[in-house]
Amino acid sequence: MADSKPSSSSSAPVAEHPFWLRVENAARQYGFVLLILVLLAGFCGLFSKGMFSNGSLTNADRTLKVDYERFGRNQSDMDLKVTLNVPPGDSYTVTLGGQFMDTFEIEALYPQPWRFSSHNGDMTLEFHDQPEGGSHTLWLSVQPRHSGKVVSTLRANQQPAVTLTQYIYP
């Protein structure tokens, strides 16, 4: 007659331990949810370009607006759009300060300044007189040199500065 007892540990190919079975079950249940959350965060731009990554700041007197990326990756291109209001007939300057020059390498800059200078880690870009005045835009393409939190300041024509906080991932 056949033995109807549950199989003994000697006949099972692998010894089963209840603790590890619970760990495996928890990894299946919560691991899938964690994977979905990480993927959604990536799609939304938490790790690089995306809708949560794009930011926009304006200074106190609304003469300077900066569109930038909050999150970036080391050695990947990042874009900044600097829009400022210039009175007719005036030249204008844009000063990049804080950790900007230590962290970023400027890959492209449009329009080109007619003169630039550097003092105490800040770079000042000087542009020609603008007879028409109004809104002018400066486009920068930069590449981070190292990862971490970066706090930069941008100032136009000695007006109040805009402070950017960016996170650069490895």
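Reply: A definition comes first: two strands pair if DSSP finds at least two bridges between them. Strands (E, at least two residues) and helices (H or I, at least four) are DSSP runs, numbered from the N terminus. This is a predicted model, in which local features need pLDDT of at least 70 and side-chain atom pairs count only at pLDDT 80 or more, while totals for chains, interfaces and linings use all residues. Residues are numbered from 1 along each chain as its sequence is written, and side-chain values use heavy atoms, with hydrogens and water left out.

Me: In strand 8, which residue is the bridge partner of Tyr92?

Reply: Strand 5 covers residues 90-98 and strand 8 covers residues 122-130. The two run antiparallel and are joined by six bridges. In strand 8, the partner of Tyr92 is Phe127.

Me: In what order do the six strands of the open sheet with mixed pairing lie?

Reply: The edges of this sheet are strand 3 and strand 7 (115-119), each of which pairs on one side only. On average, neighbouring strands are turned by 25 degrees against each other, direction ignored; the axes here are lines fitted to C-alpha atoms, for helices over the stretch in contact, and angles run from 0 to 180 degrees between N-to-C directions. The order of the six strands is 3-11-10-5-8-7.

Me: What is the order of the open sheet of five strands?

Reply: Its edge strands are strand 1 (54-58) and strand 6 (104-110), each with pairing on one side only. Neighbouring strands are turned by 20 degrees on average, direction ignored. The pairing is antiparallel, and the order is 1-2-4-9-6.

Me: Which residue in strand 4 stands opposite Asp67?

Reply: Five bridges join strand 1 to strand 2 (residues 64-69), and in strand 2 the bridge partner of Ser56 is Asp67. Strand 2 also pairs with strand 4, in the antiparallel sense, over four bridges. There, the residue opposite Asp67 is Lys81.

Me: Is Asn59 buried or exposed?

Reply: Asn59 is placed in the loop between strand 1 and strand 2. Its side chain makes a polar contact (a pair of N or O atoms within 3.5 Å; within protein, one must be able to donate a hydrogen and the other to accept it, and residues adjacent in sequence count only if both atoms are side-chain atoms) with the side chain of Asp61 at 3.0 Å. The side chain of Asn59 also reaches the backbone oxygen of Pro160 at 3.0 Å. With a relative accessible area of 4%, Asn59 is buried.

Me: How many residues apart in sequence are the parts that the pair of Phe71 and Tyr167 ties together?

Reply: Rings of Phe, Tyr and Trp (its six-membered ring) pair if their centres lie within 6.5 Å; planes under 30 degrees apart count as stacked, over 60 as edge-to-face and the rest as tilted. Phe71 and Tyr167 are stacked, at 6.2 Å centre to centre and 25 degrees between the planes. Because Phe71 lies in strand 3 (residues 71-73) and Tyr167 in strand 11 (residues 162-169), the pair ties together parts whose separation in sequence is 96 residues.

Me: Why is the pair of Phe100 and Phe104 called tilted?

Reply: Both Phe100 and Phe104 are buried. Their ring centres are 5.1 Å apart. The pair counts as tilted because the planes stand at 45 degrees.

Notes:
Buried means under 20% relative accessible area, exposed over 50%, partly exposed in between (1.4 Å probe, protein chains only).
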